[in-house]
Amino acid sequence: MLSPTPMAFKTNLPAASCPALASYGVIAVSGPDASKFLQAQLMNDVLALAPGHWHWSGWLTPKGRVIALLALLRLADDRFLLLVPDHPVAALKAALQRFVFRSKLALDDATGWIAAAGPHHATPAPDRFEGGPAPPLALDMGDPAHPRTLWLLPVGDPALAPADAALDQRWLATDLAYGLPRLPEDQREAWTPQMLSLGRLAAFSLRKGCYPGQEIVARTHYLGQAKRELVRILGEGLAPGQGLKAGDAAVGTLVCATADGREGLAVLTAGEHPALAVDGRPCRLAGLNEGLARQP
């Protein structure tokens, strides 16, 4: 007779093959009311997410601005992980905790889970993760042309290696090339999901019930008021917050950029913009890779 208990995920990762990703943190949410709480707070449809699957999501202000962008993993009916780039998880957990009230759930920093970059491991589908509900887990965050895997490993796993600043920067550059906004502190609460083209990542829902900012998101969609979009920029000296010009006209703002200032993502007004420049230096548009894009 087959056992109903799933077999443990065997990684066979070489020792010290997975440098930790210092810019990624993890929050665990568990308990009988976990799914109901996350459904009310996050901008994607949590109730439609089956165990063993993950999707992009985020937390918005009441005015529909993105506070944090994240990947949500459903480990079981009542257990979730929030994989959060750039936003300090202790601060995000404390902010979410204010809305728990009497809900039966626990928010935890998930210090036992370490996000790391390691050898590529193909998963059954882009929205599936391998392993769980305990670590290790593997998320496919690439495509055939640019394969990469994000691993969630337990503290003390022999495959873990110390964080590597150069690798973190390469991972950031790949995120940007895939059109995943990486929001530094001064860019939080500045952009709506549509301005960041998060529909491309299927990161928000127009059909689920209420959540903070939902009215703004829905109104923008149904009234066709999204006049700005996310684009990839190549240049020199790029930095978050810089303005983009086409001739003398201001046409956009840099949201995030690599440490070397050669690549970034910007929110740009829709339309043709020849001769783009940042601080008087010419820059150019580049296409986005498809590895993180999802069907709505």
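1. Asp109 is partly exposed at 24% relative accessibility, where buried means under 20% relative accessible area, exposed over 50%, and partly exposed in between (1.4 Å probe, protein chains only). Lys93, at 22%, is also counted as partly exposed. Asp109 and Lys93 form a salt bridge with their closest N and O atoms 3.4 Å apart; the term stands for a side-chain nitrogen of Lys or Arg within 4 Å of a carboxyl oxygen of Asp or Glu. Asp109 sits in the loop between strand S6 (106-108) and strand S7 (113-118), and Lys93 in helix H2 (residues 89-97), so the bridge ties together parts 16 residues apart in sequence. Helices (H or I, at least four residues) and strands (E, at least two) are DSSP runs numbered from the N terminus.

2. On the basis of the model: it is predicted, local features need pLDDT of at least 70, side-chain atom pairs count only at pLDDT 80 or more, and totals for chains, interfaces and linings use all residues. Residues are numbered from 1 along each chain as its sequence is written, and side-chain values use heavy atoms, with hydrogens and water left out.

3. The salt-bridge count comes to seven. One of them joins Arg232 to Glu263, with the closest N and O atoms 2.6 Å apart. This pair links distant parts of the chain, since Arg232 belongs to strand S12 (residues 228-234) and Glu263 to strand S15 (residues 263-269), 31 residues apart. Both Arg232 and Glu263 are buried. Elsewhere, salt bridges with shared partners connect Asp86, Arg148, Asp175 and Arg182 into one network.

4. Arg182 is buried, with a relative accessible area of 5%, and Asp175 is buried at 0%.

5. How many cavities of 30 Å³ or more does a search of the whole structure find? The search finds one. A cavity here is a set of points, on a 1 Å grid over the protein atoms alone, where a 1.4 Å probe fits but cannot get out; lining residues have an atom within 4 Å of a point. The largest cavity holds about 60 Å³, a volume being the space filled by probe spheres set on the points, which are joined across faces, edges and corners.

6. By class, the lining has six nonpolar residues, one polar and three charged. Nonpolar covers Ala, Val, Leu, Ile, Met, Phe, Trp, Tyr, Cys and Pro, charged covers Asp, Glu, Lys and Arg, and the others, Gly among them, are polar.

Terms used:
On a 1 Å grid over the protein atoms alone, a cavity is a set of points where a 1.4 Å probe fits but cannot get out, and a pocket is an open set with protein on both sides within 12 Å along at least five of seven lines; lining residues have an atom within 4 Å of a point.
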